[in-house]
Amino acid sequence: MTKADIDAVYTIEVQSFRSPWSKHSLLGELKNSVAHYAVMERDGDVIGYCGMWVLFEEAHITNIAILPAHRQNGYGKQLLHASMRVAASFGAEMMTLEVRETNVIAQRMYGEMDFSEQGFRKRYYTDTGEGAKLMWNRNLQKTIEKNACLEGMYLLESEAFKKGERET
Ligand SMILES: CC(C)(COP(=O)(O)OP(=O)(O)OC[C@H]1O[C@@H](n2cnc3c(N)ncnc32)[C@H](O)[C@@H]1OP(=O)(O)O)[C@@H](O)C(=O)NCCC(=O)NCCS
């Protein structure tokens, strides 16, 4: 994600989340040295994005969303797989995230990518009072390899990723 993507990413935010991040917050992430944000493009248009913070061996997903019109085409899983590869290239071995207890669609996707619930925070989301499921994937490499078939479905373009791969 670059500054030029912020408007498109904000549009996805607004269409995907009850309490979307502001453009200001998204721009702030471009200056955050632990943050890695990827946009997914199709025919030149941004249709999804995924953000994470990578701190030592842990990657923490901050947000992942696909534009409503492009959902249920496998893009969410491809984007998550690509983000796992980027995280691993920066040394992450595990990945974690919080998900609303009622968001069964996202929970299903995470389950398919080997995340399991390992904690619960009551009333985590102040807008609805919902709790958050804390999900973990403790073996990123295994999931990346197990789902290697997804690699043929997208092209990962990232200078940072290429650099990370060269170094590993
Ligand atoms: C979660 C999200 C990113 C999934 O994107 P997507 O492109 O539709 O996902 P995919 O097509 O790759 O599907 C991945 C899996 O999610 C699950 N899934 C997706 N849509 C579903 C639906 N309508 N009903 C039930 N399960 C669904 C399935 O398990 C699916 O795998 P399968 O097709 O092999 O069965 C998308 O729904 C989204 O942007 N939601 C709003 C934002 C959000 O909730 N983000 C997560 C925050 S924690």
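1. Strand 3 and strand 4 run parallel and are joined by 3 bridges. Strands pair if DSSP finds at least two bridges between them. Helices (H or I, at least four residues) and strands (E, at least two) are DSSP runs, numbered from the N terminus. Across this pairing, Ala59 stands opposite Met95 in strand 4.

2. This is a predicted model: local features need pLDDT of at least 70, side-chain atom pairs count only at pLDDT 80 or more, and totals for chains, interfaces and linings use all residues. Numbering starts from 1 along each chain as its sequence is written.

3. Strand 2 and strand 3 run antiparallel, with 8 bridges. Cys50 stands opposite Ile64 in strand 3. The two strands form a hairpin with 2 residues between them. Phe56, in the turn, has a positive phi of about 55°.

4. The largest nonpolar core has 37 residues. Such a core is a set of buried Ala, Val, Leu, Ile, Met, Phe, Trp, Tyr and Cys residues joined through C-beta atoms within 7 Å. Buried means that 20 or more other C-beta atoms lie within 10 Å of a residue's own, with C-beta atoms placed from the backbone. Ala38, Tyr49, Cys50, Ala87 and Ala92 touch the most other members. Helix 3 gives the largest share, 7 residues.

Technical notes: A residue is buried if 20 or more other C-beta atoms lie within 10 Å of its own, exposed if 12 or fewer, and partly exposed in between; C-beta atoms are placed from the backbone.
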